[in-house]
Amino acid sequence: MVSDDFDVKKEWRKAIKEGISAAWPICLGYIAIGLAFGVIARKTGLRPLEIGLMSLIVYAGSSQFIAAAMFGTEADFLPIVLTTFSVNLRHLLMSSSLSLYLRNLSGSQLSLFAYGVTDESFALNMSRFHGGKWGWRQALVVNHSTNLTWILSTVAGGIGGQFIPAGAFGIDYALTAMFICLLVFQLRRVHHVLVAFFSGVLAVFLCLMIPGNSYILIAAFLSASTGLLLRKRTWRKNETEGNR
Amino acid sequence: MKGEIISIIICMGIVTYIPRWLPLFFLTRHRLSPWLIDWLDFIPAAILSALILPSIVTTGEPRHLEWAKPDLWAAFPTLVFALKTKSLAGTVVIGMTLYWLAVYFH
C-alpha cells in the first residue's frame with residue numbers, strides 16, 4: 001500500500017475517532033472492574049505501583065483477580081504463573097479468529113496488536129470486522145484505549161479504593177453485563193445461537209466436574225467443532241434436497 | 001519479596017502474551033482452509049457463553065449449582081435489553097443497576 005504521510009495521518013485521525021466511539025462502553029466497564037481490582041489487590045498487599053505494573057505487563061482482568069487472591073495467600077511463583085497461563089490460554093482461540101482480519105499487517109504491527117487482545121476488545125472488534133467498515137487501525141485504537149483505561153482505573157482503585165464501599169453500584173456485575181451484550185453481537189445466525197447455547201451448558205457441566213478454568217477452553221473448542229459439523233450437515237442437506 | 005513480586009508479574013506477562021501472539025503471527029501468514037475459517041467463526045459466541053453461564057449459575061469452591069443467585073435473575077432482563085437495543089454501554093449500566101437492585105432486595 002502506497003500512501004503519503006498526509007493520508008496516513010488522516011486515516012489515523014479517523015480511526016482514533018471511530019475506535020474510541022466504539023470502545024467507550026468497554027472503558028466504562030473497565031473503570032468499574034478496574035477500580036474493584038485495585039481495591040482487592042491493595043487489600044492483598046500489592047502496592048499501587050505493582051498494581052499498575054501488573055495491569056501494564058499482564059493486562060488480563062480475570063487472571064489478575066486470581067493472581068491477587070493468590071498473592072494474598074502467599075502462593076509461590078510457579079502456581080501463580082501456571083494459573084495465569086491456563087486462565088489466559090483462551091486468547092489462543094481469540095487471536096486465531098482475529099487473524100482472519102489482520103492478514104496484511106507487518107510482524108511488529110501484529111505483535112503490538114496481540115498485546116491488546118482481551119475478551120472484550122476481541123468480541124467488539126470481531127463484530128465490527130464482520131459488519132465491514134472496520135480496519136486494523138480502528139481495532140488497535142479499541143485495544144489501546146481500553147488498555148489505558150484499565151491501567152489507570154486499577155491504579156486509582158489501589159490508591160483511593162478504600163473510599164468505595166464493597167459491592168457499590170453493582171460493580172461486580174459490570175463484566176457479566178458486558179459479556180452478555182458482546183455475546184448478543186455474535187449471534188448472527190441460528191448456528192451461532194445453537195453453538196452459544198451448547199457451549200454455555202457444556203461449560204456449566206464441565207466446571208462442576210473439573211477444577212480450574214480449563215472448562216472455558218474445552219467447552220468453546222467442542223461447541224465450535226459441533227457448530228462446524230452442524231453447518232456441514234446443513235450444506236449437505238441443501239445439496240441433496242429432494243433426494244430424501 | 002519486592003523483587004519477587006516484580007519477577008512473578010513479568011512471568012505472568014510472558015505466559016499471557018504468548019497465546020495472544022502466536023496465532024496472530026503465524027495464522028496471518030498462511031492460507032487457512034475454509035473449514036478452519038468456519039470453525040473460528042464460532043469461537044466468539046462459544047467463548048463468551050462459556051464465560052457467562054458458569055459464572056451466573058454456579059458458586060463456591062468446589063463449585064456447585066446455585067439457581068438463586070442475583071447474577072442469574074439480573075441476566076434475563078439484561079439479555080432482553082441487549083437484544084433489543086444492541087447498546088453495549090446501555091447494557092452495562094442496566095445490568096449493574098438490576099444487579100444492584102437484585103442484591104439489595106435479595
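Let me start with a list: on α7(A), the buried residues are Asp119(A), Glu120(A), Ser121(A), Phe122(A), Ala123(A), Leu124(A), Asn125(A), Met126(A), Ser127(A) and Arg128(A). Keep in mind that what we're looking at is a predicted model.

Now a quick check on the helix itself. α7(A) runs over residues 119-130, and at 1.5 Å a residue its 12 residues should span 16 Å; the end C-alpha atoms sit 17 Å apart, so the two figures agree. Just past the helix, look at Gly132(A), which has a positive phi of about 75 degrees.

Okay, on to the two chains. Their contact uses 81 residues of chain A and 64 residues of chain B. On the chain A side, the most comes from helix α9 (residues 174-186), with 11 residues. If you sort that side by class, you get 55 nonpolar, 21 polar and 5 charged residues.

Next, the core. The largest nonpolar core holds 102 residues, and the ones with the most contacts inside it are Ala174(A), Met178(A), Leu183(A), Ala220(A), Ala46(B) and Ile47(B). Which helix gives the most to this core? That's α2(B), with 14 residues. The core also takes at least three residues from each of the two domains of chain A, domain 1 (7-186) and domain 2 (188-244).

Setting aside neighbours within four places in sequence, Leu183(A) is in contact with Ala196(A) in chain A, and with Ala45(B), Leu48(B), Ser49(B) and Ile52(B) in chain B.

Going by C-alpha atoms, the centres of domain 1 and domain 2 of chain A are 27 Å apart. Where they touch, 7 residues of domain 1 are in contact with 9 residues of domain 2. On the domain 1 side, α4 (77-88) and α9 of chain A each supply at least two residues. By class, that side comes out as 4 nonpolar, 2 polar and 1 charged.

Terms used:
Residues are numbered from 1 along each chain as its sequence is written. Chains are lettered from A and ligands numbered from 1 in the order in which they are written. This is a predicted model: local features need pLDDT of at least 70, side-chain atom pairs count only at pLDDT 80 or more; totals for chains, interfaces and linings use all residues. Two residues are in contact if their C-beta atoms, placed from the backbone, lie within 7 Å. Helices (H or I, at least four residues) and strands (E, at least two) are DSSP runs, numbered from the N terminus. Ala, Val, Leu, Ile, Met, Phe, Trp, Tyr, Cys and Pro count as nonpolar, Asp, Glu, Lys and Arg as charged, and the others, Gly among them, as polar. The expected span of a helix is 1.5 Å times one less than its number of residues. A residue is buried if 20 or more other C-beta atoms lie within 10 Å of its own, exposed if 12 or fewer, and partly exposed in between; C-beta atoms are placed from the backbone. A nonpolar core is a set of buried Ala, Val, Leu, Ile, Met, Phe, Trp, Tyr and Cys residues joined through C-beta atoms within 7 Å. Domain bounds come from an automatic or database domain assignment.
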